[in-house]
Amino acid sequence: MGTSTVPRRTAAALPPERRTPGPAAAALCGVAATTATLGVAELLAGLLLRLTGTAGTPSPLLAVGGTFVDRTPPWLKDWAVATFGTADKLVLGVGMGVTLLVVGALVGVLGRRSPSAATAVFVLVGLVGVAAVASRPGSAWTDVLPTLLGLLVGTWVLRWGLQRLAAEAAPGGGAPSEVDPSLLVEEPGAPSRRGVLRAVAGVGALGVLGVVAGQALARTGRAARDVVAALGLPVPTRTVTVPPAALSTVPGHTPFVTPTDDFYRIDTALFVPRVDAAGWRLRVTGLVEREVEIDLEELLAQEHVEAMVTLTCVSNSVGGGLAGNAVWTGWPVRDLLARAGVRPEADMVLSRSVDGFTAGTPLEVLTDDRDALVAVAMNGEPLPPEHGYPVRLVVPGLYGYVSATKWVTELKVTRFDADEGYWTPRGWSERGPIKTASRIDVPRGGSVEPAADGTVTVAGVAWAQHRGITRVEVRVDDGEWADAELLAEPTVDAWRLWRWAWPAEPGDHVLTVRATDGDGEVQTDRVAAPAPDGASGWHTVRVEVA
Ligand SMILES: Nc1nc2c(c(=O)[nH]1)N[C@H]1C(S)=C(S)[C@@H](COP(=O)(O)O)O[C@H]1N2
Ligand SMILES: [Mo]
C-alpha cells in the first residue's frame with residue numbers, strides 16, 4: 001500500500017521538495033478543495049439570487065445551516081440560546097465553517113493513502129449540501145446548480161493536489177502513491193512540491209474570497225424594500241397618536257415607542273429572506289368557502305388602520321429585552337378572513353412564511369375586535385427586511401412564535417387537532433398567550449447616588465398585552481409594596497411605563513417589581529423558565545445606595 005511499497009530514504013537525505021507528502025500538505029489540499037467548492041458555490045448562488053430572485057436557498061452554507069436549525073432538538077436549541085443568546089446564529093455559522101474545514105483536512109489526509117476514498121467522501125459531503133439546497137422551502141431545480149458546479153471544481157482541486165503531491169513525494173517523482181512508481185515517467189515541467197502547495201493554497205484563498213463575495217451579493221440583494229415604497233403606503237383610516245403623558249424623561253428608561261433599528265429580532269432564518277415583493281402573494285386556504293389570493297397592490301388598496309402593539313418573544317427571560325413596541329399599519333386579518341368565509345369547524349389559522357416557518361394562532365383572536373393585522377409598515381415606514389418585508393402578521397396578546405409570522409405568504413384556516421405551528425413539535429406550548437410581566441430599567445443595579453432630596457428614581461415597563469396594566473408595585477427588600485406612578489396607557493395592547501421615587505436608605509438593597517393586569521390578576525411570583533410557554537416570576541435588581 002502506498003508509500004510503504006517504495007524503498008524510502010530518510011527525509012533528511014532528501015532535497016526539501018522531495019520529502020514524503022506530510023499530512024499537513026495533504027490536509028491543506030483537502031481544505032483548499034473545500035473552500036474552492038464553497039467559493040464557487042456561494043459566488044454562483046449569490047449571482048443566482050440576484051438574477052432570478054429565487055425563493056429558495058441556493059447557498060449550500062445557508063441551506064445546511066437552515067436545515068440544521070429546523071432539525072435541532074429542543075434541548076440543544078435551548079442550550080444554544082441560553083449560552084449564546086441572539087448570537088446563536090453566528091456561533092452556528094462559525095461552527096459549521098470549522099467543521100467543514102476539519103472534514104476537508106481529514107479528507108485530504110485520507111487522500112494520502114487512497115485518493116479515490118477521499119474523493120468519495122468529499123463528493124458525499126458535497127451531496128449533503130445539494131440535498132439541503134433542494135429541500136429548502138421554495139427551492140427551484142436550478143438552485144442546486146451552484147453547489148453541483150462548486151463540487152465539481154472542488155473535486156478536481158482535491159484530485160489534482162493529491163496527485164501532484166504524491167508525484168513529488170515519490171522518490172522517482174511523478175508517482176501517485178497507489179501506482180507502482182516504476183510504471184511512471186517523470187512529467188517534464190511538472191510543478192515542484194512548493195509550487196503545488198502554493199497553487200493549492202492560492203485556490204483555497206480564492207475560495208474564501210468567493211464565499212465572502214457570494215454572501216455579500218446575496219445580502220445586498222435581500223435588502224431591497226422598494227416595491228412597497230414605490231406603490232405607496234396606504235393612508236390609514238385610524239391613526240395612533242402617542243400622548244406625551246405616555247413618554248418618560250427618566251434617563252435610561254425604555255422608550256415608549258421602540259425605534260425600528262433597536263427593535264429586537266428573533267426568527268429561525270439564518271439570512272433575512274429576500275422576498276420579491278412584486279411577485280408576492282398572500283393566499284387564504286383550508287377550511288374556507290373560497291380560497292383568496294391577493295397581491296401587494298391589492299393588499300395596499302384595502303382599508304388599513306394603525307395600531308400600537310407591543311411584541312414579546314416567548315424566549316424572553318424575566319427582566320430581559322426581547323420585547324418591543326411599535327406602531328404598525330395593516331389590514332385587519334378578520335377582514336381578509338371574512339372575504340374567504342371561514343367554515344364553522346375551524347379553530348386555528350396556520351400562517352406560513354416564505355422560509356417555511358409557521359405559527360398556529362387561535363381563530364378567535366384573529367376574528368374578534370382586536371387589531372390583529374396583516375401589517376405592511378412599522379413606525380410609519382415599510383417593514384424592514386428583518387421584520388418581515390413586505391408583509392407580516394401582528395397579533396396583540398400572543399407571543400410572537402404563535403402569531404407574528406414575518407414574510408407571510410399563506411393563511412391556512414384549519415384546526416388545532418389537524419395542524420401545528422413550527423415550535424409545537426419542538427417542545428413549546430401549542431398556545432402562547434402573553435404572561436403579565438414587569439421590568440426594572442432604572443437603576444439597572446450596582447451603586448446608585450440619591451438625588452438632593454434623598455430619593456432614587458426607579459423606573460421600568462410592564463406589559464400584559466390586550467388586558468392592559470392597571471397597577472405596578474415596587475418593594476424594597478422584604479418591605480411593603482409601594483405603588484409606582486403609571487404613565488399614560490394609550491392602548492391595552494402596548495406596554496406601560498412606570499416610575500417610583502424611592503426614599504432610599506444607604507446600604508445594599510434588593511428592588512422587586514410586580515404588575516397587575518386589567519383583569520385584576522397580580523403577576524405571579526412562580527418562577528418559570530421560558531420553555532414551554534413563557535417565563536414568569538418577579539424581576540429583582542440589587543443596588544448599593546451611597
Ligand atoms: N417567518 C418567521 N416569522 C417569525 C419568526 C420566525 O422564526 N420566522 N419568529 C417569530 C417570533 S418567535 C417572534 S418573537 C417574532 C419576532 O418579531 P421581530 O423579529 O420583528 O421582533 O417574530 C415571529 N415571526
Ligand atoms: Mo419569539
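**Entry 1: the largest cavity**

I started with the largest cavity, which holds about 180 Å³ of space. My model is a predicted one, in which local features need pLDDT of at least 70, side-chain atom pairs count only at pLDDT 80 or more, and totals for chains, interfaces and linings use all residues. Residues are numbered from 1 along each chain as its sequence is written, chains are lettered from A and ligands numbered from 1 in the order written, and side-chain values use heavy atoms, with hydrogens and water left out.

For the terms, I worked on a 1 Å grid over the protein atoms alone: a cavity is a set of points where a 1.4 Å probe fits but cannot get out, while a pocket is an open set with protein on both sides within 12 Å along at least five of seven lines. Lining residues have an atom within 4 Å of a point. Grid points are joined across faces, edges and corners, and a volume is the space filled by probe spheres set on the points.

How many cavities of 30 Å³ or more are there? I found three by this rule.

I then listed the lining of the largest cavity, which has 21 residues, and noted Asn316, Val318, Ala437, Trp463 and Ala535 as lying nearest the centre. Strand E11 (residues 437-442) gives the largest share, three residues. Strands (E, at least two residues) and helices (H or I, at least four) are DSSP runs, numbered from the N terminus. By class I have eight nonpolar, 11 polar and two charged residues here. Ala, Val, Leu, Ile, Met, Phe, Trp, Tyr, Cys and Pro count as nonpolar, Asp, Glu, Lys and Arg as charged, and the others, Gly among them, as polar.

The domain bounds come from an automatic or database domain assignment.

**Entry 2: the second largest cavity**

Next I looked up the second largest cavity, with a volume of about 80 Å³. It has 14 lining residues, and Gly360, Val402, Gly421, Thr424 and Glu430 lie nearest its centre. Here strand E6 (residues 358-362) supplies the largest share, three residues. I noted seven nonpolar, four polar and three charged residues in the lining.

I moved on to the second largest pocket, which has a volume of about 580 Å³. Its lining has 34 residues, with Ala55, Pro137, Val354, Asp355 and Gly356 closest to the centre. Helix H2 (residues 60-71) contributes six residues, the largest share. The classes came out as 14 nonpolar, 12 polar and eight charged. Domain 1 (11-219) and domain 2 (233-426) each give at least three residues to this lining.

**Entry 3: Leu366**

I picked Leu366, which sits in helix H11 (residues 363-367). Is Leu366 buried or exposed? Leu366 counts as buried because its relative accessibility is 2%; buried means under 20% relative accessible area, exposed over 50%, and partly exposed in between (1.4 Å probe, protein chains only).

Beyond its neighbours within four places in sequence, I found Leu366 in contact with Val333, Arg334, Leu337, Val349, Thr361, Ala372 and Val395; contact means heavy atoms within 4.5 Å. Arg334 is 32 residues away from Leu366 along the chain, yet their C-alpha atoms are separated by 5.8 Å.

**Entry 4: strand E18 and its partners**

Strand E18 (residues 507-517) is mostly covered, with eight of its 11 residues buried. I traced seven bridges from E18 to strand E14 (residues 469-476), and the two run antiparallel. Ile469 has Asp517 in E18 as its bridge partner. Another strand, E19 (residues 539-545), also runs antiparallel to E18 and is joined to it by seven bridges. In that pairing, Leu511 stands opposite Val541. Two strands pair if DSSP finds at least two bridges between them.

Most residues other than glycine have a negative phi, and most peptide bonds are trans. I noted a cis bond between Tyr389 and Pro390, with omega about 5°; Pro390 is in the loop between strands E8 (381-382) and E9 (392-394). The bond from Ala531 to Pro532 is cis as well, with omega near 5°, and Pro532 lies in the loop between E18 and E19.

His466, not a glycine, has a positive phi of about 75°. I placed His466 in the loop between strand E13 (455-463) and E14, and with a relative accessible area of 27% it is partly exposed. Asp477 also has a positive phi, about 50°. I found Asp477 in the loop between E14 and strand E15 (481-483), partly exposed at 30% relative accessible area.
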